[in-house]
Amino acid sequence: MTPNADGDGARTGGDVAGKEHGGASFDDGRVGVYVHLPFCERICPYCDFAVVPAKAFDRELETRYVAALRRELEARSRDFGGRPLASLYFGGGTPSLFRPDSIARLIEAVERAFPPTGRREEPIEITLELNPGTLELARLPAFRDAGIDRLSIGIQSFDDGLLKRLGRAHRAILARRALEAARAAGFDNLSIDLIFAGPGQTRSDLDRDLDEVLRWGPEHVSTYELTFEPGTPFGRALASGRMSAFDEEVAADMIGQIEDRLGAAGFERYEISNHARPGFRSRHNARYWSRQAVLGLGMGAHSTEARAPRHPHGARRANPRVLSDWFERVERDPAHVGTVESLPPPTARGEAVFLALRRREGLVATDFAAEFGAPPRAYFESEIARNVARGWLEEDVPAPGDLRLTAAGRLLADRVAADFVSGA
Ligand code: SF4
């Protein structure tokens, strides 16, 4: 729903068993399930997710898609057999285009495949993404009855001018109605998606958006810098000079502005793009950041396979991004829908550091050493030295060998983290 939002197959973990700590990179023995529902009323010009225009989306296609998801779930659940459910996430696309009874059937099927432990200390979280432009407000109570306990709302901005320049289908009035209706339906765990560094946006514009976000009092806020992905209309406009990139220094200032404003209001920036009130970190996305098992179902969904002797550092599976290909593969051989890539140790090490540095708690050296046989310095001496010298990284905090970003490093987090991926 947003640039690299909660939203795409490769969504990204640490809240193991609901505890708000940095999380270990060890397998927690549970599974998260991601269900990709790819249809959107209008394709936003910056979007590079696996999406399908909703023109052809009707009851028949919805029924066929849900049946195929159940078939894929049944076949793929064997790879994660015996694991209790930790989280379930309906992402897109625009999941709120699906009828509540379809969502209820999917929740029931997932809980049958992976019965939750039922232990209070291991609660599950069931999130649904929705767009204000397509939200059928009357459906919200039925989504709640179906078992959804968290909504991630693609607000993006309360500024109609910016929404228009972003090519979004909705306007601020619909965003406000969605928030009102969600609270009225009893949802007490709301996440708002916000875009910054959008075309023509100023720091004052962003301040006004943050004022309104805070007035609505969500439990969680995800903030994404607009990116120009190659192959999208915005990417092409940038390449041909019809659009220009946002000023990097202003974008970095905006990151600080968001952290300061939300921080002063009681939010913790627990991950580069995510801010939560105490107790409201995203449990599902935390699984990606700590490399826990996630089964991805649907067109374009990604899975983080459970560790196994044949891939001790984990593996990724990517489903086809074309709807007809995904249908054809599910109907032919639902256990082998996607392509699997077992992670070689250098890739896994780079990813482990990259993902850990995105989290506030950073990288725990003993966890890293337990998996890779030696602490981070043994593999990343020059990357660590370079980023410590720049003032972007601190080492040995809180324990010897641990790594985490400094306040200055958090403004350039993607750049620091990427250094470790290329150095792996
Ligand atoms: S709403 Fe727009 S950004 Fe979100 S998934 Fe659909 S097309 Fe992409």
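This is a predicted model: local features need pLDDT of at least 70, side-chain atom pairs count only at pLDDT 80 or more; totals for chains, interfaces and linings use all residues.
Reader: Which domains does the protein have, and how far apart are their C-alpha centres?

Author: The assignment gives domain 1 (16–288) and domain 2 (345–423); such bounds come from an automatic or database domain assignment. The C-alpha centres of domain 1 and domain 2 are 27 Å apart.

Reader: Why is Glu248 called exposed?

Author: Buried means under 20% relative accessible area, exposed over 50%, and partly exposed in between, with a 1.4 Å probe and protein chains only. Glu248 has a relative accessible area of 67%, and therefore counts as exposed. Glu248 belongs to helix α8 (residues 248–264); helices (H or I, at least four residues) and strands (E, at least two) are DSSP runs numbered from the N terminus.

Reader: What makes the patch that includes Glu248 negative?

Author: The patch consists of Glu225, Asp247, Glu248 and Glu249. Asp and Glu count as negative and Lys and Arg as positive, while His and the chain ends are not counted. Patches take residues with over 30% relative accessible area and no salt bridge, joining like charges within 9 Å and nonpolar side chains (Val, Leu, Ile, Met, Phe, Trp, Tyr) within 5 Å. The place of a charge is taken as NZ of Lys, CZ of Arg, CG of Asp or CD of Glu.

Reader: Why is the contact of Asp79 with Arg76 called a salt bridge?

Author: A salt bridge is a side-chain nitrogen of Lys or Arg within 4 Å of a carboxyl oxygen of Asp or Glu. Asp79 is partly exposed at 40% relative accessibility, whereas Arg76 is buried at 1%. By this rule the count comes to 36 salt bridges.

Reader: How do you know that Asp79 and Arg317 also form a salt bridge?

Author: The N to O distance between the side chains of Asp79 and Arg317 is 3.9 Å, so the pair falls within the 4 Å limit. Asp79 lies in the loop between α1 (59–76) and β4, and Arg317 in strand β13 (residues 315–318), so the pair ties together parts that are 238 residues apart in sequence.

Reader: Which other salt bridge does Arg317 form, and is Arg317 buried or exposed?

Author: The side chains of Arg317 and Glu305 meet in a salt bridge at 3.3 Å, N to O. This pair links distant parts of the chain, with Glu305 in strand β12 (residues 302–305) and Arg317 in strand β13, 12 residues apart. Arg317 is buried, because its relative accessibility is 7%. Glu305 is likewise buried, with a relative accessible area of 7%.

Reader: Which residues are linked in a network of salt bridges?

Author: The network links Glu62, Arg99, Asp101 and Arg105.

Reader: Where are cis peptide bonds found, and what are their omega values?

Author: A cis peptide bond joins Gly92 and Gly93, with omega about 15°. Gly93 is in the loop between β4 (85–92) and α2 (100–113). The bond from Val397 to Pro398 is cis as well, with omega near 0°. Pro398 is in the loop between β15 (393–395) and β16 (403–405).

Key: Residues are numbered from 1 along each chain as its sequence is written. Side-chain values use heavy atoms; hydrogens and water are left out. Accessible areas come from the Shrake-Rupley method with a 1.4 Å probe; for residues, only the protein chains shown count as cover.
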